Amino acid sequence: MTALNRVPSLMVRAGTASALTLAAVGGSVVIPGVASDASAATPATKALQVAASKKGSPYAWGASGPRRFDCSGLTLYSYKAAGKKLPRTAAQQYNTTRHISASNRRAGDLVFFHSGSNVYHVGIYAGQGKIWHAPRTGDVVRLQKIWTKSVWYGRVS
């Protein structure tokens with residue numbers, strides 16, 4: 001299944017000629033935060049898709065879904081839907097993931113924001129320097145560019 005089949009409105013935005021050209025040459029359309037069919041079977045990709053599906057859900061401190069989330073509640077919920085267990089808080093999640101370098105990060109990895117050795121926020125890496133996360137009270141789950149270099153990365157195994 002192509003991205004055009006999954007997102008019908010994309011044909012309208014891309015134009016029929018563009019969509020037909022893409023199909024004829026075997027091209028694909030890249031949608032930030034959504035994985036291709038080839039990698040759809042991995043837990044990380046599934047977790048990323050679940051997080052993206054929660055776009056617009058309101059932030060609520062201590063909430064872990066399915067309608068409201070805090071940051072670690074969103075990652076916990078997303079990975080649980082992908083068949084993986086995570087502990088409740090961002091710091092606990094950091095302590096249970098395999099730590100990786102920024103150069104080895106992949107879509108679906110966790111991004112931990114820290115001040116010194118204190119982890120205070122977590123999101124799911126979507127690629128292109130962006131994360132899906134539940135930012136703060138009064139905000140909603142959204143895709144956002146990583147705004148600081150004070151981050152660590154972790155891979156759920």
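This note sets out points on the fold, the strand pairings and selected residues of a predicted model.

1. Basis of the values. The model is predicted, so that local features need pLDDT of at least 70 and side-chain atom pairs count only at pLDDT 80 or more, whereas totals for chains, interfaces and linings use all residues. Residues are numbered from 1 along each chain as its sequence is written, and side-chain values use heavy atoms, with hydrogens and water left out.

2. Overall architecture. The protein chain contains six helices and six strands; helices (H or I, at least four residues) and strands (E, at least two) are DSSP runs, numbered from the N terminus. Along the sequence the pattern is α-α-α-α-α-α-β-β-β-β-β-β.

3. Of the 157 residues, 41% count as buried; buried denotes under 20% relative accessible area, exposed over 50%, and partly exposed in between (1.4 Å probe, protein chains only). The accessible surface is about 8,600 Å², and 55% of this belongs to carbon and sulfur atoms; the areas come from the Shrake-Rupley method with a 1.4 Å probe, and for residues only the protein chains shown count as cover. Among contacts (heavy atoms within 4.5 Å) between residues at least 6 apart in sequence, 51% join residues at least 24 apart.

4. Residue A90. This residue is found in helix α6, which spans residues 90–96. A90 counts as buried because its relative accessibility is 8%. Leaving aside residues up to four places away in sequence, A90 touches S72, F112, V119, H121 and V122. The C-alpha atoms of A90 and L110 are separated by 9.7 Å, the two residues being 20 residues apart along the chain.

5. Strand pairing. Two strands pair if DSSP finds at least two bridges between them. Strand β3 (residues 118–127) runs antiparallel to strand β4 (residues 130–133), and three bridges join them; Y125 has I131 as its bridge partner in β4. Strand β4 also pairs in the antiparallel sense with strand β5 (residues 142–145), over four bridges, and the bridge partner of H133 in β5 is R142.

6. The β3–β4 hairpin. This hairpin has two residues between the strands. Q128 lies in the loop between β3 and β4, and its phi is near 55 degrees, a positive value in a residue other than glycine. Q128 counts as exposed because its relative accessible area is 58%.

7. A cis peptide bond. G65 and P66 are joined by a cis peptide bond, with omega about 5 degrees. P66 is placed in the loop between α4 (43–53) and α5 (71–81).
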